[in-house]
Amino acid sequence: MMPTYKRLATSPILWSLVWAIGILAAAFLFKRNPANYWIESALVVGALTTVVLKSQRPVCSAR
């Protein structure tokens with residue numbers, strides 16, 4: 001089983017990759033669509049909310 005500190009360290013990296021792939025996919029799928037800016041801005045706000053403001057579980061040591 002992976003230690004808690006490693007799991008907490010890799011979680012933001014994985015979520016960042018997921019959101020980056022979503023933003024790139026939206027850029028290619030909605031290339032000529034005027035709603036592209038709205039879709040990408042919503043994805044960027046969602047990514048920032050998920051990665052930056054996501055509350056992490058507190059790590060406590062068992063005694």
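A surface patch here is a group of residues with over 30% relative accessible area and no salt bridge, where like charges are joined within 9 Å and nonpolar side chains (Val, Leu, Ile, Met, Phe, Trp, Tyr) within 5 Å. A salt bridge, in turn, is a side-chain nitrogen of Lys or Arg within 4 Å of a carboxyl oxygen of Asp or Glu. By that rule, Val44, Leu48, Val52 and Leu53 make a nonpolar patch of about 400 Å². Bear in mind that this is a predicted model, where local features need pLDDT of at least 70, side-chain atom pairs count only at pLDDT 80 or more, and totals for chains, interfaces and linings use all residues. Residues are numbered from 1 along each chain as its sequence is written, and side-chain values use heavy atoms, with hydrogens and water left out.

**The chain as a whole**

- You're looking at two helices and zero strands; helices (H or I, at least four residues) and strands (E, at least two) are DSSP runs, numbered from the N terminus.
- Take the contacts (heavy atoms within 4.5 Å) with a separation of 6 or more: 57% of them link residues 24 or more positions apart.

**Helix α1 and what it faces**

- Val18 sits in helix α1, which covers residues 4-29, and it counts as partly exposed because its relative accessibility is 47%.
- Pro12 and Val52 are 40 residues apart along the chain, and their C-alpha atoms are separated by 8.1 Å.

**Helix α2 and the segment after it**

- Asn36 belongs to helix α2, residues 36-51, and it is buried because its relative accessibility is 10%.
- Setting aside neighbours within four places in sequence, Asn36 is in contact with Ala26, Ala27 and Phe30.
- Val52 falls in the segment after α2, and with a relative accessible area of 59%, Val52 is exposed.
- Val52 is also one of the residues that make the nonpolar patch.

Note on methods. Buried < 20%, exposed > 50% of the residue type's maximum accessible area, 1.4 Å probe, protein only. Areas by Shrake-Rupley, 256 points an atom, 1.4 Å probe, with all protein chains shown as cover.
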